[in-house]
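Here is a short briefing on one protein model.

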Amino acid sequence: MEQRLITFPDGQQICPLGQGTYQMGGRRRSEEIQALRRGIELGLTLIDTAEMYGTEELVGEAVRPCRDKAFIVSKVLPSNASYEGTKRACERSLRRLGTDYIDLYLLHWIGRYPFSETVRALVELRKEGKIRHWGMSNLDVADMEHILSLPNGAECAANQVLYNLGNRGIEYDLIPWSERHRIPVMAYTPLGEGQLRNHKTLKEIARRHGATPTQVILAWLMRRPGVMPIPKASHMLHVEENYGSLSLVLTEEDWQAIDAAFPPPVRKIPLAGW
Ligand SMILES: NC(=O)c1ccc[n+]([C@@H]2O[C@H](COP(=O)([O-])OP(=O)(O)OC[C@H]3O[C@@H](n4cnc5c(N)ncnc54)[C@H](OP(=O)(O)O)[C@@H]3O)[C@@H](O)[C@H]2O)c1
């Protein structure tokens, strides 16, 4: 089966399944690094971190043997997102990651600094080659419209938001809007922090396909072009299982069963998140 890829506005393409790292870096650090490396080896090259997570050093170590294959995403905290603050935060992230460029650098969520200041810094960081792409996180349609209206705002290459079977609100407007503007949507907490997989509908669909409920959840999220889940898996077996979702093809009957168990939105629902 031909694998669908995520395409960024400049044409760069990557695998639609990434890897999260929130809450990594504890006692199992070296196993987590091995798990991330296994994911990259399988083609799950996008690795998501943030200055907030305290996992940038770990990510830097994980990708050291294969930096050119990896696609690193990091994020500036809103409290640092002034023009100067964004530039300084990026330099600190680069040092912690041990790399000279970040593939995609996001504003983590909306804060007190005007978007115009943050975006001006992001555009300059891109010109300087310190970041390859920039984007946003936790922004709903109106704020994304604002970003696109700014000078060079059309460079915005992604929006990372909460999206899983229990939180389908963005299907009402943000996903269609993002598709129209060809801006990839990165789905965070795609597994509902691991809780969704016990649902009986998902177990039943998984059984029909000889798959697992987690693979059903991820295949369902990747059904739309431009949506990219970034599950965090600190166990190598979980990474391998998640990788299996790329070859799972759900049927019309599966879509209907999922919609009955997790109804899609019928009106605007404000963006959910942390
Ligand atoms: N931009 C933002 O504001 C924002 C907010 C939240 C998260 N994020 C990003 O999104 C990433 C993912 O979200 P998340 O960490 O909140 O939750 P998640 O990916 O929905 O769930 C993570 C949990 O699922 C488990 N898991 C993974 N694969 C599994 C499998 N195949 N079978 C069973 N369990 C499995 C993990 O276990 P193990 O670790 O034990 O393998 C972990 O306990 C984060 O790590 C972070 O990078 C971004």
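Val76 has Leu107 of strand 5 as its bridge partner. Four bridges join strand 4 (residues 71-76) to strand 5 (residues 102-107), and the two run parallel. Two strands count as paired if DSSP finds at least two bridges between them. Helices (H or I, at least four residues) and strands (E, at least two) are DSSP runs, numbered from the N terminus.

The model is predicted: local features need pLDDT of at least 70, side-chain atom pairs count only at pLDDT 80 or more, and totals for chains, interfaces and linings use all residues. Residues are numbered from 1 along each chain as its sequence is written, and side-chain values use heavy atoms, with hydrogens and water left out.

- Seven strands form an open sheet in the order 3-4-5-6-7-8-9, with parallel pairing.
- Strand 3 (46-48) and strand 9 (227-229) are the edges; each has a single partner strand, so one side of each has no neighbour in the sheet.
- Neighbouring strands of this sheet are turned by 30 degrees against each other on average, direction ignored.
- Axes here are lines fitted to C-alpha atoms, for helices over the stretch in contact; angles run from 0 to 180 degrees between N-to-C directions.
- Strands of a sheet pair through backbone hydrogen bonds, either parallel or antiparallel.

- Strand 5 and strand 6 run parallel and are joined by five bridges.
- Tyr105 stands opposite Trp134 in strand 6.
- Six of the seven residues of strand 6 are buried, so strand 6 is largely enclosed by the rest of the structure.
- Buried means under 20% relative accessible area, exposed means over 50%, and partly exposed lies in between (1.4 Å probe, protein chains only).
- Strand 7 (residues 159-162) pairs with strand 8 in the parallel sense over four bridges.
- Gln160 stands opposite Met186 in strand 8.
- In a regular strand the side chains alternate between the two faces of the sheet.
- Strand 8 (residues 185-188) is covered on both faces: Val185 and Ala187 are buried on one side, Met186 and Tyr188 on the other.

**Helix on sheet**

- Helix 4 (residues 115-127) lies across strand 5 and strand 6 (131-137), and runs at about 160 degrees to strand 6.

- Helix 2 (residues 56-63) is mostly covered, with six of its eight residues buried.
- Those buried in helix 2 are Glu56, Leu58, Val59, Gly60, Ala62 and Val63.
- The buried residues of helix 2 pack against helix 1 (29-42), strand 3, strand 4 and helix 3 (83-97).
- Contact means heavy atoms within 4.5 Å.
- Helix 2 and helix 3 pack at about 50 degrees, with axes 7 Å apart.
- That angle makes helix 2 oblique to helix 3.
- Angles under 35 degrees count as roughly parallel, over 145 as roughly antiparallel, 65 to 115 as roughly perpendicular, and the rest as oblique.
- Glu56, Glu57, Val59 and Gly60 of helix 2 make the contact with Ser93, Arg96 and Leu97 of helix 3.
- By class, the contact of helix 2 with helix 3 has two nonpolar, two polar and three charged residues.
- Ala, Val, Leu, Ile, Met, Phe, Trp, Tyr, Cys and Pro count as nonpolar; Asp, Glu, Lys and Arg as charged; the others, Gly among them, as polar.

**Helix 7 and helix 8**

- The axes of helix 7 (residues 200-209) and helix 8 (residues 213-221) come within 8 Å and cross at roughly 95 degrees.
- Helix 7 is therefore roughly perpendicular to helix 8.
- Leu202, Lys203, Ile205 and Ala206 of helix 7 meet Pro213, Val216 and Ile217 of helix 8.
- This contact of helix 7 with helix 8 has six nonpolar, no polar and one charged residues.

**Overall shape**

- The protein has ten helices and nine strands.
- A compact globule of 274 residues would have a radius of gyration near 19 Å; the protein has 18 Å, which agrees.
- The radius is taken over C-alpha atoms, and the globule rule is 2.2 Å times the number of residues to the power 0.38.
- The C-alpha trace spans about 55 × 45 × 35 Å along its principal axes.
- Buried residues make up 53% of the 274 residues.
- Among contacts between residues at least 6 apart in sequence, 76% join residues at least 24 apart.

**Positive phi**

- Asn138, which is not a glycine, has a positive phi near 65 degrees.
- Asn138 sits in the loop between strand 6 and helix 5 (141-149).
- Glu193 is not a glycine either, and its phi is positive at about 55 degrees.
- The loop between strand 8 and helix 7 holds Glu193.
- Glu193 counts as exposed, at 63% relative accessibility.
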